Amino acid sequence: MAKKTVKTICFECHSRCGVVLEIDDKTLVGVKGDKDHPFSHGYTCPKGRAAMEIIYHPDRITQPLIKVGGKQSSRFEPCSWDTALDLIAERLLACRETWGAESVVLGSGTTRGMAPYLNRFLTVFGSPNFMAPSNMSGGPIVVGSSATCGFGMIDPDYSSSRCILLWAHNPEASWPGLYLHDIKKGLEKGATLIVVDPRQTNYAKKADHWLQIRPGTDVALVLGFIHVIIENNLYDKDFVETWTSGFDQLKEHVAGYTPEKCSEITWIPAEKIKAAAIAFGKTRPGCIGPGMGGVCQANDAFDLNRALTILSAITGNLEVAGGNLNCIPPTRKRSCYGPDFSPFHNLPREQAKKKLGLDTYPLLEFIPIPSPPQTVWPAISEGKPYPVKALGLFANNSVCAYPNSGRVRDVLQSLDFLFSVDYFHTPTTALADVILPPAHWVERDDVEDLLMKNHVFCQTKALEPVPECRDEKQILIDLSKKMNLEGYWSTIEEALDFRLEPIGVNFETFKTMGRFKTPIQYKQYEKKGGFKTPTRKVELYAEYLIALGISPLPVFREPDEGPVNSPELMEKYPLVLTTGGRNLVYYHSSHRNIPSLKKRSPDPLLQIHPDTAKSMDLEQGEWVYLVSPRGRVEIRIDYDPALHPTVVHAPHGYWYGVEEGWKTLNINMITDDSKLCPVTGSVPIKALLCRIEKKVMEVAS
Ligand SMILES: Nc1nc2c(c(=O)[nH]1)N[C@H]1C(S)=C(S)[C@@H](COP(=O)(O)OP(=O)(O)OC[C@H]3O[C@@H](n4cnc5c(=O)[nH]c(N)nc54)[C@H](O)[C@@H]3O)O[C@H]1N2
Ligand SMILES: Nc1nc2c(c(=O)[nH]1)N[C@H]1C(S)=C(S)[C@@H](COP(=O)(O)OP(=O)(O)OC[C@H]3O[C@@H](n4cnc5c(=O)[nH]c(N)nc54)[C@H](O)[C@@H]3O)O[C@H]1N2
Ligand code: SF4
Ligand SMILES: [Mo]
């Protein structure tokens, strides 16, 4: 029996920990942490270690499936790859013929690395429409900070920082492999820790300053920080004078955001706001770690990320060691979201301009993120701004992921054609006409550079896919051949070589290297004649935004659904609801059927202050209905004495194990998608209203 080990990276979450896979006679038998990995240093979590359970799970889909019995049916029959791909090819080509290439959308969930391959496929086909949840996940950070300083503020330099500010971010649950080591190093060297979070996370417990914010009021708090820092002369005068524009307008704009005013808005005591702001202003270098979801799921997500960038800029923390870095992936234009894959690079401008979302969110032409799902839904259901007829989903459980799931489900059901690529059956695959079985991450080669700072890593195939699962890159290659699409790669190796071209090695060689990095560059603006913005300075006051109908200064907007903007609604729904704080055990709605994970976290838990719960006669562990103006779901009470009595938190992603779980357990049945951030299309799922109803025992009659 041949035993071997293979070093690769885990693709179960964005951390992409280094792992050593143990193979025994073509079977995966172990997943260990790779101690030599520069970020994860040997760390693994239960999700990564569950790879064996996932690959060999009896429910894994291992053959293409075709729906039988009509659209409403939930029956599928296995078919050959040729039959499935022929059908997909025929339907996509027919859509293009009748409705234009833009009537076909391909979507991916939170990135599992497919963005470059899907984008390229779409553009050789002729469609600009790649859909992904970026508008609720990282996109507003990139858009808000790029609009302000010309780059995405996604690389906090924790290990060299003297002041770590975690803003709506709990990396212990969400980014352990990527950030825990660096944060620990920073704290061990004595960094001050500030946490802005309605929940008392473990980091909040450890923090020098924990600001327990009312959900959805973050912009007011950042403006308050900026006010205190300017008022106390704690800003970096040299940097502000040389490298920013519009300081006077900013100063005037934040003048009203005194700690007292911010306290009224955010429910945080004024003295705590002041103390934390002074600590951040005084302690340099400081870095802001923004939550990829935490700061991206609000009606003012653009302004929030602009404000955070301004805070980093005026304190002199942009592009300095220990601050917020501007890391350029070594693969540059060929990186995951690199411009070489953009429709604007590959399609005639007129066709690229049809990208869904651009008519509502014009800034997204200049700072591109994928089409927000909420801009695809009206195209499917109402033909606005033009009809979308076919959708292909790669690693995305739209029904559970996206707010207002009832609507999402109706929209998907009204498509002419839906195909889905997933390991397992989900509430979304149930709606598909065709389901394709993908290879697992241990069964595929790839390169990874997304959020990997200045590194690119090799993902090395350790096993042949379980028969008949297929690498998704190969699926696209096979489909492109069936459709006679010119300009697509003809092998996976060719695609990977293309991505690696900027570093001057091919994939064959890269496999022997495992990773490649370029030096981190500090203060690039000094060498490059400024920032990549219209004034070449950090746009504190961004005059150019006015022409796009956007405020030149970051503006706080009360949550549309909340105590201030809808007090009448609050009479019926008296609790503020935030959703989707991460659970280390699960990745969104994925792998809910994996025994070792399910055992650790079987049920959705509603975090609630015990006094609030007891006032409604609700016991720890009791199942209740959580009700919003959109509907209700079932959830279990979980006392959390550190929460504000008016705020509750519900996790997302539960659906598995009960009939129609997408309806009864899935929190997105009660979230909203009607009032979005006007610049980025972000969805306000971190600040809504709800009430709790007791589940009355149904007595059999
Ligand atoms: N209420 C609320 N909702 C939220 C959030 C929140 O905070 N609150 N967060 C949102 C965010 S930030 C995001 S990014 C979205 C994420 O939403 P999704 O990306 O849709 O995430 P998942 O629910 O994990 O669904 C992914 C599907 O991919 C499958 N899968 C896993 N790996 C692979 C693979 O390699 N290939 C293929 N083909 N399939 C694979 C899984 O089995 C699963 O069914 O959810 C969002 N939903
Ligand atoms: N285990 C696991 N890891 C994941 C994921 C997963 O599903 N599971 N998803 C991945 C994805 S796609 C993403 S986008 C990231 C998300 O990454 P993050 O956004 O960093 O997610 P969290 O670590 O949950 O941090 C969000 C924090 O914001 C707090 N919060 C809620 N409402 C508010 C508010 O209004 N204001 C402020 N200031 N804070 C608020 C929550 O209590 C929570 O602690 O995580 C990634 N990592
Ligand atoms: S944190 Fe867990 S799931 Fe994420 S990459 Fe590391 S081992 Fe994999
Ligand atoms: Mo996300």
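A residue counts as buried when its relative accessible area is under 20%. The views below come from a predicted model.

**View 1. Strand β22 and its burial.** Strand β22 covers residues 575-579. Five of its five residues are buried, so the strand is largely enclosed by the rest of the structure. L575, L577 and T579 point one way from β22. V576 and T578 point the other way. Both sets are buried.

**View 2. The strands that pair with β22.** Strand β27, residues 688-694, pairs with β22 in the antiparallel sense, over three bridges. Strand β26, residues 647-650, runs parallel to β22 and is joined to it by four bridges.

**View 3. The shell around ligand 1.** Ligand 1 is surrounded by 30 residues. The closest are T110, A401, D422, S589 and S590. By type, the shell splits into 10 nonpolar, 14 polar and six charged residues. Domain 1 (65-136 + 331-454 + 463-505) and domain 3 (567-694) each supply at least three of the shell residues.

**View 4. Polar contacts and cover of ligand 1.** A polar backbone atom of A401 sits 2.6 Å from a nitrogen atom of ligand 1. N396 places a polar side-chain atom 2.7 Å from an oxygen atom of ligand 1. For H588, the distance from a polar side-chain atom to an oxygen atom of ligand 1 is 3.5 Å. Taken alone, ligand 1 exposes 910 Å², and the protein buries 98% of that area.

Terms used:
Residues numbered from 1 in each chain as written. Chains lettered and ligands numbered in written order. Predicted model: local features only at pLDDT ≥ 70, side-chain atom pairs only at ≥ 80, totals over all residues. Heavy atoms only, no water. Near = heavy atom within 4 Å. Polar contact = N/O pair within 3.5 Å; in protein donor to acceptor, adjacent residues only side chain to side chain. Areas by Shrake-Rupley, 256 points an atom, 1.4 Å probe, with all protein chains shown as cover. Nonpolar A, V, L, I, M, F, W, Y, C, P; charged D, E, K, R; others polar. Domains from an automatic or database assignment. Buried < 20%, exposed > 50% of the residue type's maximum accessible area, 1.4 Å probe, protein only. Helix = DSSP H or I, 4+ residues; strand = E, 2+ residues; numbered from the N terminus. Pairing = 2+ DSSP bridges.
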